[in-house]
Amino acid sequence: MAPESPAGESPSRGKRADAQRNRQTVLTAAAEVFVTSGVDAPIRRIAAQAGVGMATIYRHFPTRADLVTAVYRHQIEACAEAGPDLLARAESPLDALRQWIDLFVDFLVTKHGLADALQSDDDRFATLHAYFLDRLLPVCAQLLDAAVEAGEIRPGTQPYELMRGIGNLCIGRDDDPRYDPRRLIALLLQGLQGLQGYQRPQAS
């Protein structure tokens with residue numbers, strides 16, 4: 001039996017925990033660097049941000065494609081997990097939907113260079129769009145359904161339509177600092193509510 005560390009952990013288990021912490025640290029640092037410098041940022045800059053050696057990054061992510069894919073998946077998961085949590089904590093389903101859309105917009109507008117990466121021939125990028133839809137469409141649908149049930153928005157909006165529309169409104173934000181997609185997205189949400197706000201029909 002392997003000797004245990006003073007904290008009661010076996011050395012191998014402690015090493016696995018350290019490796020997992022390092023991996024999460026690298027993912028967080030890479031996401032921050034990608035926001036300012038794009039997905040082609042130098043690996044040494046990511047290593048400096050994470051406070052680890054470049055060898056640590058390459059041990060977890062042998063290629064840049066591996067790193068970009070992992071960051072993208074990590075942030076998709078964070079956005080997906082936020083939906084039910086917001087629905088449980090927000091003052092109303094509509095408020096939860098608004099907050100989730102803010103997170104979704106943050107996710108979209110900070111992906112400098114990701115669109116080009118996704119159009120590459122790398123198979124790892126080829127599955128990301130499907131993964132994106134598989135994880136986020138059900139969350140968006142849950143939030144929309146809750147807001148409709150509460151009588152806060154009109155029925156009939158499909159989650160794919162909403163997410164695609166928001167994505168289209170975010171295009172061009174990097175090229176024009178005068179353009180704020182959030183203003184138009186706020187108008188889009190007002191449109192979902194209707195001019196006077198949708199009132200749920202009373203049960204007969």
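Tutor: From the N terminus on, the protein chain runs α-α-α-α-α-α-α-α-α-α. That comes to 10 helices and 0 strands. Helices (H or I, at least four residues) and strands (E, at least two) are DSSP runs, numbered from the N terminus. This is a predicted model: local features need pLDDT of at least 70, side-chain atom pairs count only at pLDDT 80 or more, and totals for chains, interfaces and linings use all residues. Residues are numbered from 1 along each chain as its sequence is written, and side-chain values use heavy atoms, leaving out hydrogens and water.

Student: What share of the protein chain's residues is buried?

Tutor: Buried residues make up 37% of the 204. Buried means under 20% relative accessible area, exposed over 50%, partly exposed in between (1.4 Å probe, protein chains only).

Student: Which residues are buried in α5?

Tutor: Pro 93, Leu 94, Ala 96, Leu 97, Trp 100, Ile 101, Phe 104, Val 105, Phe 107 and Val 109. Their cover includes α4, α8, α9 (159-170) and α10 (181-193).

Student: Switching topic. At what angle do α4 and α8 cross?

Tutor: Roughly 10°, and the axes of α4 (residues 64-89) and α8 (residues 128-149) come within 10 Å. Axes are lines fitted to C-alpha atoms, for helices over the stretch in contact, with angles from 0 to 180 degrees between N-to-C directions. So α4 is roughly parallel to α8 (angles under 35 degrees).

Student: Which residues make the contact?

Tutor: Among them are Tyr 72, Ile 76 and Leu 87 of α4, and Phe 132, Val 139 and Leu 143 of α8. Contact means heavy atoms within 4.5 Å.

Key. Parallel < 35°, antiparallel > 145°, perpendicular 65-115°, else oblique.
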